[in-house]
Amino acid sequence: QATSVSTPNVAKVGIPFVVGTAPVHTAAKPAKANVPVLATSWEEAVEKLGFSYDWKKYTLCEFLYSHFQLFGCQPAIFCNVLDPAEMKEAAEAKEYPVAGHQAVLPLEALAASLTVTVKGTGEDGSDAALKADEDYSVFYGRDDSDAYVCVLELLEDGSAYDAASLAIGYDAVTPESVTVADVAEGVGQVDASMTAVGVVPDLICAPGWSHDTVVAAVMDTKAGAISGLFKGKALIDADCGTNGVREYSELSGYKNKNSLVDEDQILCWPQVRLGKYQFHLSTQLAGLMASVDAANRGVPYESPSNKNLKMDACVLEDGTEVNLTWPQVELIAGDWGVVTAVNFLDSGWVAKGNYTACFPGNTDVKDQFIPVSRMFDYIGNTLIRTFWPKQDKPLTPPLRDSILRTCNIWLSGLCGSGYLYGARCELLAAENPLAELLAGHITLHVYHAPPVPAQRIDFILEYDVSYMETALTA
């Protein structure tokens, strides 16, 4: 006889699905374009996606560096929308100097497309064509300035080992040809994560693209129904470029104008900088949320607010520093529902903001607070995963009781660990009319109350004259 209580199949949290562009043509094992790829380490991600510090062109690299190198979080799911087979153009052949038997080309050069000649070295004085793997080899690496480049190296046994210059033509990948429609289509691939990599993400990110209203709208839609079943959050950046929000006072109007008012959205502003590296705040927030979740045994009941980011300045798109005062931060994070960053005394730089983008228009406690809303997603996602195998079994009292027992035991464990104030699962007669039961539909009502963040701690200071009286008359 089957055990009457099942083991919960607990939903994973803090797993980002990231859409953007990557120099996949430089990767050792290049991932297919527009297909979700799972990575559990920096090495694996670089092996599948390649890497470059030019994050304007290759937006996934920003997230890859932040998530794996700065926050040490894993796994992450990436969807690269840059297809080198389609998004390329011919670069005009020109002369490249050779130093140390190497010629340096732009990273965008496609290795398999190179045509290489040495002028005037043929038998009749014509240009001599070189052959790959006989006269030269090609690899991707770093130059003296630490930039990633394409390197052509002349082989010692080849015919042009001591050549001083080479005439080189090639096809170049064109990351600038990626469109908003391409990225929006890539966001839609979040539904394929469950079958493609066997993992369902709960954070949707598109650094460098999420400020576009079309991309943000698709991210929001997908976050509300990943694979049509699961829920997550869309991490969106407010535009802080030339035509975006350059002053904090513009944020409230920007939110309303662009309809960034949904409980499945977390809106961020501005960008952040660490040394010479600049990040979208959504990128670092995803890493911060994942690390906070991991510290709480994979339960998203704690807000990322007031936790340390990896940064040393707030900046706009063009690198202009933004120095926010505490009253300004209170307006941004406390009144307008936008996550920002603040350097408060000896706490260092921390994220600040407990609200989803629906606040202040929607003040329902289950929607407005990031940790409370994520706990609703977490519990709902876990119930789907746990009881999916029960579908299509005979609708009998033992089935009903098994679901109720399993659910209540798991909820009780969450309460005992302090992740919930309280919780219970019930089958209510009013929610299960005979017509629905005859159709094979059963409804269970889950009551639960996740903790709300302690946003304010007030102290009232009062002069108690009795202490003076006691001190002076003793």
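1. Two strands are taken to pair if DSSP finds at least two bridges between them; strands (E, at least two residues) and helices (H or I, at least four) are DSSP runs, numbered from the N terminus. On this basis, strand β2 (residues 37-39) pairs with β3 in the antiparallel sense, over 3 bridges.

2. The model is predicted: local features need pLDDT of at least 70 and side-chain atom pairs count only at pLDDT 80 or more, whereas totals for chains, interfaces and linings use all residues. Residues are numbered from 1 along each chain as its sequence is written, and side-chain values use heavy atoms, with hydrogens and water left out.

3. Strand β3 also pairs with strand β1 (residues 16-20), here in the parallel sense and over 4 bridges. Phenylalanine 78 in β3 stands opposite valine 18 and also opposite valine 37.

4. Strand β3 (residues 76-80) is largely enclosed by the rest of the structure, because 5 of its 5 residues are buried. Buried denotes under 20% relative accessible area, exposed over 50%, and partly exposed the range in between (1.4 Å probe, protein chains only). Ala76, Phe78 and Asn80 point one way from the strand, while Ile77 and Cys79 point the other way.

5. Glycine 334 belongs to helix α8 (residues 326-335). Its relative accessibility is 27%, so glycine 334 counts as partly exposed. Apart from neighbours within four places in sequence, glycine 334 is in contact (heavy atoms within 4.5 Å) with Val329, Tyr355 and Phe359.

6. Glycine 334 and alanine 33 are separated by 301 residues in sequence and, C-alpha to C-alpha, by 40 Å in space.
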